[in-house]
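These are my notebook entries on a structure that I am reading for the reader who comes to it new. I set down what I looked up, entry by entry.

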Amino acid sequence: MEILLYAVGIVFMLIGLGLSIGLHEIGHLVPAKLFGVRVGQYMIGFGPRIWSKRIGETEYGIKALPVGGFISMSGMYPASDGKPVRGLFGSLVQDARSANDETIAEGSEERVFYRLPVWKRIIVMLGGPVMNLILAVVIFTVLASGIGLQQGTTTIASVNECVVPAGTTQTECEPGDPASPAAEAGVLPGDVLVSIDGTPLDDFAEATAIVQASPGQTLELVVARDGEDVRLSITPIAAERALTDAGGQPRLDADGEQVVAEVGYVGMGAQMGFMPQPIGTGAVMAGDNVARVAELIVQLPVKLWDVGSSLVTGADRDPDGPLSVVGVGRLAGEVASTDAPIMNRFVVLLSLLGSLNIALFVFNLIPLLPLDGGHVVVALWDGIRRAWAKLFRRPPPAPVDATRLVPLTVVVAVLLIAMGALLMIADVVNPVNLFQ
């Protein structure tokens, strides 16, 4: 059964990845067609063709390797002038120009990408990454506002009989240990918090905040028990406790250490549940993910070095480091097969898919060809040259010939392939394990 669930997790992520890639390319395809550009192909994946169908002038298809996708737009660059290109990389440039010329169909010479106004070219190239961002926001909104974030509810799950020092390994009360304020007040498991100190409660975090701010103060606590409201008096004691957030996760300081402080304490724990959040929470979560992925990309050379080192030494991988498609699939399989409620596993899988789309969004904005960000830079440079010529009343310059950047593009492509190979090998030999 565990193997079957593991496979289900991988299939879920493969379908999600295919959907993400497909929507990314639709983000390019739709504006390109709206702006009149001839699109010859729309493909999900690379390698051997599994299936394809021509509709109108565009061939739609799926290829074997789900590691990306593309659309083939007519005339990404200006048509070549037929003159041979000399130099060390001349053959590469010439091959790129020949391939570009083949996309320009006879009779459709005006329906080319490079002739579009700069703002339209930018919209076409940003359409893909923005589609991934939109999908991520939708996913995180479903998680946060549709399903809810897991946090303490107002239902009491446990009441400590006594107070034990923070950080102790003691698991049972010993003679002389003081009774917990919650036990003294008569709080029982199953009670539902209604209000504390006159403040109505929607979740356990609100009660925790009031208790922690009120050491030594007697508070009126109203709980629902057997269909009736019961009024209790509870006096939090001052105690050193490890602080947690609304989701029950430890609060960490700048050094990654758990924050411990002297706060009000009563000794009761909440039943965890999925609590729907305001509708804007999904966008905030997506924004936080963008910041984390951007930070990861800035540190990418160091992170890749760490991955390579761990591959050689066998040291544990950084769980926040980069992953390949193989690594993401393995994590999905582990999540699906772990011993946890089905909803919890589904939430983690959906969150992983949302984070994957954020990674696609940020990574494609890197301003280097062949990534979308590189094409945006080329369009902006073309616009700057045209604006400069107009400012000084000069004839419009010829469109930027990005085929001259093919050597740089090849270098970037080789680095991307090498990075992918390193991560795939590491994800097979020394994978990230979230459940150690």
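**Entry 1: salt bridges**

I counted 11 salt bridges, taking as one a side-chain nitrogen of Lys or Arg within 4 Å of a carboxyl oxygen of Asp or Glu. The model is predicted, so I noted that local features need pLDDT of at least 70 and side-chain atom pairs count only at pLDDT 80 or more, while totals for chains, interfaces and linings use all residues. Residues are numbered from 1 along each chain as its sequence is written, and side-chain values use heavy atoms, with hydrogens and water left out.

I looked up arginine 111, which forms a salt bridge with glutamate 57; the closest N and O atoms are 2.7 Å apart. Because arginine 111 lies in the loop between α2 and α3 and glutamate 57 in the loop between β1 and β2, the pair ties together parts that are 54 residues apart in sequence. Here helices (H or I, at least four residues) and strands (E, at least two) are DSSP runs, numbered from the N terminus.

I then checked accessibility, where buried means under 20% relative accessible area, exposed over 50%, and partly exposed in between (1.4 Å probe, protein chains only). Arginine 111 is partly exposed at 30%, and glutamate 57 is partly exposed at 25%.

I turned next to aspartate 427 and arginine 317, whose side chains meet in a salt bridge at 3.0 Å, N to O. Aspartate 427 sits in helix α11 (residues 406-429) and arginine 317 in the loop between α7 (300-313) and α8, so I recorded a link between distant parts of the chain, 110 residues apart. Both aspartate 427 and arginine 317 are buried. I also found Arg121, Asp382, Arg385 and Arg386 joined into one network by salt bridges that share partners.

**Entry 2: the hairpin of β6 and β7**

I found strand β6 (residues 219-225) running antiparallel to strand β7 (residues 228-234), with 7 bridges joining them; two strands pair if DSSP finds at least two bridges between them. The hairpin has 2 residues between its strands, and aspartate 226 takes a positive phi near 55° there. Glutamate 220 stands opposite serine 233 in β7.

Glutamate 220 also forms a salt bridge with arginine 231, the closest N and O atoms being 3.4 Å apart. I noted glutamate 220 as partly exposed, with a relative accessible area of 38%, and arginine 231 as exposed, with 60%.

**Entry 3: nonpolar cores**

Which residues have the most contacts inside the largest nonpolar core? They are Met13, Met73, Phe113, Val124, Phe140, Leu143 and Ile358, in a core of 50 residues. I took a nonpolar core as a set of buried Ala, Val, Leu, Ile, Met, Phe, Trp, Tyr and Cys residues joined through side-chain atoms within 4.5 Å. Among the elements that each supply at least two residues of this core are α1 (2-34), β1 (39-55) and α9 (342-364). Helix α3 gives the most, with 11 residues.

I looked up the contacts (heavy atoms within 4.5 Å) of phenylalanine 140, leaving aside its neighbours within four places in sequence; they include Gly282, Met285, Ser351 and Ile358. A second, separate core has 20 residues, including Ile156, Val159, Ala182 and Ala207.

**Entry 4: glycine 90**

I placed glycine 90 in helix α2 (residues 90-102). Glycine 90 is buried, with a relative accessible area of 3%. Between glycine 90 and proline 66 I noted 24 residues in sequence and 32 Å in space, C-alpha to C-alpha.
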